[in-house]
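Please view the sequence and the structure together while reading.

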Amino acid sequence: MRVFKKWLFVLLIGLSQSAMAQVQDVSLHYVGPTDGSVWQGLQQGLDEANIQGEFLGQKYTLHVVSMDELMDLDDATAILLATDEQHILAVAKSEKFANVAVFNLISDSDALRSACLTNLLSITASNKMKQDALAQWLAKNPESKAHVQGWHEDFVKFAASQLNSRFKKSHGVAMDDDAWSGWAAVKLLSDTVARTQSTDAAVMLNFLKNKIAFDGQKGAGATFRDTGQLRQLVLLVEDNKIVAEAPLRGVKGGLDSLGLKSCK
Amino acid sequence: MKLKQLILSTLVLVSASAWADPTYRLFVTNEKSNSVSVIDSRTGTLETTLKLGERPRGIGLSPDHKTLYVALSGDDAIGMVDVATLEILGKLKAGQDPETFAVHPNGNLYLSNEDDAKASVLNPATNEIIEEIRVGLEPEGVAVSPDGSIVLVTSESTNMVHVIDTAAHKVVANILVAARPRGLAFSHDGSRAYVSSEIGNEIAIIDTKTYAITKTASVDVPRSKPMAIKISPDDKTLYLTTGRAAKVVIMDAITLDIKSTADVGNRVWGAALSRDGSTLYTANGVSNTVSVVDTATSKSVMEIKVGEGPWGLVLDD
């Protein structure tokens with residue numbers, strides 16, 4: 001019996017090692033600029049996803065394609081878009097991508113949220129979220145000249161400072177809204193693959209919409225609204241200094257006091 | 001058999017004589033005022049405040065309790081203090097941004113280097129980093145198993161517990177847990193490990209033979225952000241600090257059912273448990289105090305003023 005147990009143990013270790021050796025390839029398709037903030041954010045997310053992948057057995061690759069090349073694909077695991085509203089709507093509405101997560105990285109267009117497409121996920125804060133945040137702030141500080149940002153290089157809470165410092169170390173510039181969105185999209189996807197152990201687009205989309213509690217390094221575990229908008233706090237910034245976080249303390253509805261709350 | 005027992009008891013005697021007498025001092029790192037508060041735990045009075053270096057966070061004792069170690073994140077060093085005389089003994093090099101550490105029974109320090117995605121093994125006798133082990137992003141919590149065979153490290157931004165074999169200094173398993181894992185603890189019998197997840201608001205039990213998660217529970221307390229974990233000497237009770245919930249949550253260590261909660265100061269982070277399990281001490285990062293919790297009644301019986309941003313604490317008892 002002892003011997004048998006020993007052999008079983010050896011066998012199990014062997015299995016787990018061979019399972020580790022079999023690296024799962026995860027291909028992401030991207031349409032958008034290949035320099036500047038959003039691109040750097042994507043690269044940061046990709047580097048971090050691959051650090052996790054080293055331990056858990058995944059390799060993430062970003063395929064840069066044109067809009068035409070994307071529409072010629074038969075299928076995709078996940079699609080990342082830093083393009084305009086019309087292109088995003090065309091991809092999300094296309095029948096072959098109906099079960100594929102389509103990420104709107106940087107457009108704040110309210111129309112993309114009110115379209116209520118089941119596969120469209122918007123990472124950056126919508127225009128209406130920013131307006132609502134500003135209104136909450138101005139109600140208490142009517143003289144303020146603050147504006148709203150999704151991210152800021154001086155943000156330190158919720159381990160934001162660690163993210164800011166490793167982004168700056170890698171890219172030599174401060175992380176901004178678009179960089180955060182690119183980073184967050186890839187990390188949302190790597191979190192999904194790690195937890196579902198699946199690269200099936202529909203399984204991933206379902207997890208993203210219904211089960212994820214994402215650590216975006218800006219507070220509570222982030223989830224998506226049925227509008228596809230990622231719930232998140234935003235920052236009031238005046239003279240390049242963070243003066244407040246919205247939703248402001250005591251505002252009813254918490255994170256859902258910002259922007260279109262639901263499609264229902 | 002008799003001879004074996006004799007040898008064993010002689011060995012215990014010899015090793016016991018190497019231990020220093022307890023000073024009952026409670027040491028607290030104050031991250032923001034760059035100091036260590038020294039409290040007489042028998043009276044709850046502040047004895048003195050030591051200045052070791054910049055941004056002290058992780059804190060621990062050598063196996064013989066003669067030396068206090070303090071991770072000085074701002075100095076990339078470990079500060080040392082003689083526990084009995086409170087003499088400051090200088091610094092050990094500790095790699096970039098050491099956040100916290102655990103002391104192995106053989107005396108080595110296992111450090112998490114937050115900015116560098118690695119764990120370092122420091123031999124304090126030679127002041128040498130004897131190994132660097134790559135782990136996930138933002139490594140934080142470190143715990144050594146009671147028998148010293150494995151070390152666990154959490155990586156906050158890759159959501160994993162890494163299992164390091166201390167003989168080979170290799171990562172032998174990676175366990176995916178809920179978002180932003182922070183604190184770690186072993187049961188005293190070594191059969192179970194516990195991990196807290198700050199953003200996932202969860203606590204998980206890991207079987208230390210299979211490295212499988214055998215149980216998880218969310219922490220049903222408003223504003224809870226799970227942080228430090230302590231296990232009672234009989235392995236039956238778990239104490240969890242919860243950050244801005246300003247409570248210690250007391251759970252059954254097997255079922256993870258909440259038995260009671262104790263109100264403590266705000267933004268409660270580090271914790272220390274007396275050897276007999278009767279008293280729990282917490283570092284309250286925003287209140288700038290240490291709470292003293294009587295574990296029999298689950299009530300805070302005293303709040304002691306310390307420096308700014310108290311982070312971690314250790315008791316020499």
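How many residues lie between β12(B) and β13(B) in the hairpin that they form?

## The hairpin of chain B

In this predicted model, five residues separate β12(B) from β13(B) in the hairpin, and B:Gly148 in the turn has a positive phi of about 80 degrees. The two strands pair in the antiparallel sense over four bridges, and B:Pro139 has B:Ser155 in β13(B) as its bridge partner. Strand β12 (residues 139-144) of chain B is mostly covered, with six of its six residues buried.

## The four-stranded sheet

Also in chain B, four strands make up an open sheet with antiparallel pairing, in the order β24-β25-β26-β27. Because β24 (268-273) and β27 (299-305) of chain B stand at the edges with a single partner strand each, one side of each is left without a neighbour in the sheet. From one strand to the next, the twist averages 25 degrees.

Within this sheet, β25 (residues 279-284) and β26 (residues 289-294) of chain B pair over six bridges in the antiparallel sense, and B:Thr279 stands opposite B:Asp294 in β26(B).

## The interface of chains A and B

Between the chains, 22 residues of chain A are in contact with 24 residues of chain B, and the buried area is about 1900 Å², of which carbon and sulfur atoms give 50%. On the side of chain A, the residues that lose the most area to chain B are A:Phe55, A:Arg195 and A:Asp215, which together account for 30% of what that side buries.

Four salt bridges are found across this interface; in a salt bridge between A:Arg166 and B:Glu138, the side chains meet at 2.5 Å, N to O. The elements α2 (37-56), α7 (160-171) and α8 (177-196) of chain A each give two or more residues to the side that touches chain B, and α2(A) gives the most, with six residues.

Key:
Residues are numbered from 1 along each chain as its sequence is written. Chains are lettered from A and ligands numbered from 1 in the order in which they are written. This is a predicted model: local features need pLDDT of at least 70, side-chain atom pairs count only at pLDDT 80 or more; totals for chains, interfaces and linings use all residues. Side-chain values use heavy atoms; hydrogens and water are left out. Two strands pair if DSSP finds at least two bridges between them. Axes are lines fitted to C-alpha atoms, for helices over the stretch in contact, and angles run from 0 to 180 degrees between N-to-C directions. Buried means under 20% relative accessible area, exposed over 50%, partly exposed in between (1.4 Å probe, protein chains only). Contact means heavy atoms within 4.5 Å. Buried area is the accessible area (1.4 Å probe) that two parts lose on being put together, summed over both.
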